[in-house]
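Open the model in your viewer and keep the selection panel at hand. The tour goes from stop to stop.

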Amino acid sequence: RLARLPLARVKALVKADPDVTLASQEAVFVLARAAELFVETIAKDAYVYAQQGKRKTLQRKDLDNAIEAIDEFAFLE
């Protein structure tokens with residue numbers, strides 16, 4: 001299975017946008033895969049901050065630190 005997020009749920013989120021009238025299965029798949037990669041990337045970057053705090057569990061402050069420190073996540077501020 002290439003996508004780990006449920007495609008039906010991703011499609012429902014896409015349809016919730018009033019600007020979207022039609023979304024192909026391929027588009028839904030690509031969006032699901034992009035979301036997975038985004039979550040994986042931010043989680044790995046946040047984990048670095050958790051390790052600095054001698055923890056193995058991510059906390060909100062780890063995500064906040066990653067968002068502040070990494071330019072790629074500036075749109076989340």
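Helices here are DSSP runs of H or I with at least four residues, strands are E runs of at least two, and both are numbered from the N terminus. This is a predicted model: local features need pLDDT of at least 70, side-chain atom pairs count only at pLDDT 80 or more, and totals for chains, interfaces and linings use all residues. Residues are numbered from 1 along each chain as its sequence is written, and side-chain values use heavy atoms, leaving out hydrogens and water.

**Helix α3.** Select Arg 60 and Asp 64. They form a salt bridge, with the closest N and O atoms 3.2 Å apart (a side-chain nitrogen of Lys or Arg within 4 Å of a carboxyl oxygen of Asp or Glu). About one helical turn separates Arg 60 and Asp 64, because they sit 4 residues apart in helix α3. Arg 60 is exposed at 62% relative accessible area; Asp 64 is partly exposed at 29%. The classes are buried under 20%, exposed over 50%, partly exposed in between (1.4 Å probe, protein chains only).

**Helix α2.** Next, select Arg 33 and Glu 36. Their side chains meet in a salt bridge at 3.1 Å, N to O. Helix α2 spans residues 25-52, and this pair is 3 residues apart in it. Is Glu 36 buried or exposed? Glu 36 is buried, at 9%, while Arg 33 is partly exposed, at 28%.

Move to Lys 44 and Glu 40. This salt bridge also reads 3.1 Å, N to O. Lys 44 is exposed at 54%; Glu 40 is partly exposed at 31%.
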